[in-house]
Amino acid sequence: MTSPERVLETGVEVFSLWRDWPVNGVVLDRVVESGSGWVRVGVGWCSVEEAGPGVVSEWYVQRLDATVVAAEARGLQVLATLGCTPGWLSGSGSLTVLPPALRVGEVQRVAAWLAGRYAGRIAAWEIWNEPDCSAGTGCGATAPEVYLPVLRAGFTGVRAGDPGAVVVSGGISGVNTGWVEGLYAAGGRGWFDALGVHPYQGPAAEPPEAPPADHPYRISNVERVRAVMVAAGDAAVPVWFTEFGWTTGAGEGWSAGVDEATQADYLGRAIDMVQRQYPYVTHAFVFTIRDRDDWNAYENNFGLTRLDGSPKPALGALRNANDRLDALRQPDDTRVVTLDPVADATAWQASAGRSAGAATTLEVDSRAAGGSSRVTSYLRFPRPDLAPGESVVSAALTVQVTDGTVDGPVIWPTTTVWSESTLSWKRQPTRAATVPLADLGAMAPGPVTLPLMLAGPVGELSLELYAQVDDGLRLVSREDPALDLRPRLTLVVTG
């Protein structure tokens with residue numbers, strides 16, 4: 001395997017200094033669980049110096065100190081987004097309004113102080129969040145030349161405080177080619193180390209591969225932005241996606257989200273697509289680690305976990321995408337192996353002698369509400385073709401859910417001495433371990449990728465899907481005519 005010149009680095013947004021503060025350690029652990037190496041944290045200048053210039057809010061800075069320490073302890077790099085003009089400077093209660101051009105020296109001062117305080121510890125600083133939206137009259141409404149003095153001041157301040165930190169231009173709403181053209185026309189070249197964009201999809205339920213559009217809300221619009229950068233002489237400057245993702249909120253029209261399974265599917269596909277098609281995009285930050293409950297249905301449900309902290313399928317999908325990226329970073333001895341099942345079947349207690357492996361669905365539990373499960377399904381995969389000395393470092397099972405459940409099955413490894421024609425409730429394989437490979441939560445209809453605790457040398461593998469509730473979970477089987485809907489096992493192996 002030949003190593004690519006760059007492998008995409010991923011991160012996750014965490015509201016560490018405000019709404020996620022009470023569970024900061026937990027959500028940072030979730031970022032680690034996702035396999036991402038970065039965390040994006042919003043730093044509100046309006047909170048740092050709420051009482052006046054140079055008057056530091058100790059409580060807020062202590063939270064930032066603690067977050068930086070916690071990120072370091074977990075091996076996470078920090079992208080800090082500096083924004084929110086204090087009221088004493090803006091003269092308004094707006095959290096998004098840009099500082100007046102005549103007072104951007106204050107931006108430079110606070111950027112230098114913060115960058116110096118965290119020199120060598122905060123890896124990158126993003127100068128404002130969605131500066132094109134700061135006028136309060138809609139995103140894209142603030143002219144780039146109004147933002148440029150703030151960008152220059154922030155860049156100069158960060159360089160003074162920490163010359164080694166990366167400076168990212170404020171991620172704009174969407175991928176707005178005209179706005180980026182305006183930034184360069186106003187003299188923006190040279191005032192950022194990376195160009196920040198927020199490639200959300202519009203409408204919100206569009207898949208990652210949706211073609212470029214005249215509006216800014218398409219990932220694929222990055223091709224047009226890149227052409228602007230190259231024409232401006234900035235071919236060496238990378239693009240960072242400082243926010244992107246899909247909401248599972250039940251919004252309406254343009255803002256209507258997707259179900260949790262589709263969110264997971266789209267996220268994995270998006271990361272693979274960016275790695276494959278857009279080599280100039282070097283960093284991508286998923287928005288966000290946890291759902292919220294303080295805004296509308298669209299904004300509240302971008303999380304990789306639900307409000308209570310329980311994981312959505314997207315958390316596992318991000319982990320699997322990161323595992324694939326990690327495989328690319330190990331070009332000499334790491335690769336990905338994908339296996340199709342050689343057998344799958346469902347066993348019914350009510351028909352204890354019945355064998356059934358020809359159905360196009362796997363019934364993982366019965367529809368008799370209450371009581372223990374009376375149906376169990378099995379999957380058997382062939383021995384992977386591993387070279388001597390190779391072993392599995394991570395594994396994931398991908399299935400297509402046709403009928404969801406509030407609590408997914410426990411997945412156990414079993415002995416492999418069974419076939420579709422012999423398996424029945426009376427002739428089930430025995431479990432081959434004392435702990436399961438996975439214990440799953442809610443599963444919505446659609447594709448779901450399930451991380452398995454599987455590592456080391458691996459031979460032929462049989463999986464028991466044992467349901468914990470009886471609400472009708474069904475999966476597409478290997479007999480379904482649609483190849484892309486059938487189960488598959490993905491292994492990352494290394495020598």
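I take helices (H or I, at least four residues) and strands (E, at least two) as DSSP runs, numbered from the N terminus. This is a predicted model, in which local features need pLDDT of at least 70, side-chain atom pairs count only at pLDDT 80 or more, and totals for chains, interfaces and linings use all residues. Residues are numbered from 1 along each chain as its sequence is written, and side-chain values use heavy atoms, with hydrogens and water left out.

**Entry: cis peptide bonds**

I looked up proline 203 and found it in the loop between β6 and α8. A cis peptide bond joins it to glycine 202, with omega about -5°. I noted another cis bond between phenylalanine 287 and threonine 288, where omega is about 5°. Threonine 288 sits in the loop between β8 and α10. For background, most peptide bonds are trans.

I count two strands as paired if DSSP finds at least two bridges between them.

Strand β6 (residues 195–198) is joined by 3 bridges to strand β7 (residues 239–244), and the two run parallel. Leucine 195 has valine 239 of β7 as its bridge partner.

**Entry: the open sheet**

I found 5 strands in an open sheet, ordered β10-β12-β17-β14-β15, with antiparallel pairing. Its edge strands are β10 (343–348) and β15 (438–439), and each pairs on one side only. Inside the sheet, 5 bridges join β12 (residues 375–381) to β17 (residues 461–466). Phenylalanine 381 stands opposite leucine 461 in β17.

**Entry: the largest pocket**

I worked on a 1 Å grid over the protein atoms alone: a cavity is a set of points where a 1.4 Å probe fits but cannot get out, while a pocket is an open set with protein on both sides within 12 Å along at least five of seven lines. Lining residues have an atom within 4 Å of a point. Grid points are joined across faces, edges and corners, and a volume is the space filled by probe spheres set on the points.

The largest pocket has a volume of about 1300 Å³. I listed 42 lining residues, and the closest to the centre are Thr96, Asn129, Glu130, Glu243 and Trp295. Strand β2 gives the largest share of the lining, 4 residues. Among the other elements that supply at least two residues are α3 (58–73) and β4 (124–129). By class, I have 21 nonpolar, 13 polar and 8 charged residues. Here Ala, Val, Leu, Ile, Met, Phe, Trp, Tyr, Cys and Pro count as nonpolar, Asp, Glu, Lys and Arg as charged, and the others, Gly among them, as polar.

**Entry: the cavity**

I found 1 cavity of 30 Å³ or more. Its lining includes Gly245, Trp246, Phe287 and Leu304. The classes are 6 nonpolar, 2 polar and no charged residues.

**Entry: disulfides**

My search of the whole structure gave 2 disulfides, each a pair of cysteine sulfur atoms within 2.5 Å. One of them joins cysteine 46 and cysteine 84, with sulfur atoms 1.9 Å apart. The torsion about its S-S bond is about 95°, so this disulfide is right-handed. Cysteine 46 is in helix α2 and cysteine 84 in the loop between β3 and α4 (87–90), 38 residues apart. I also checked the backbone of cysteine 84: phi is near 75°, a positive value in a residue other than glycine.
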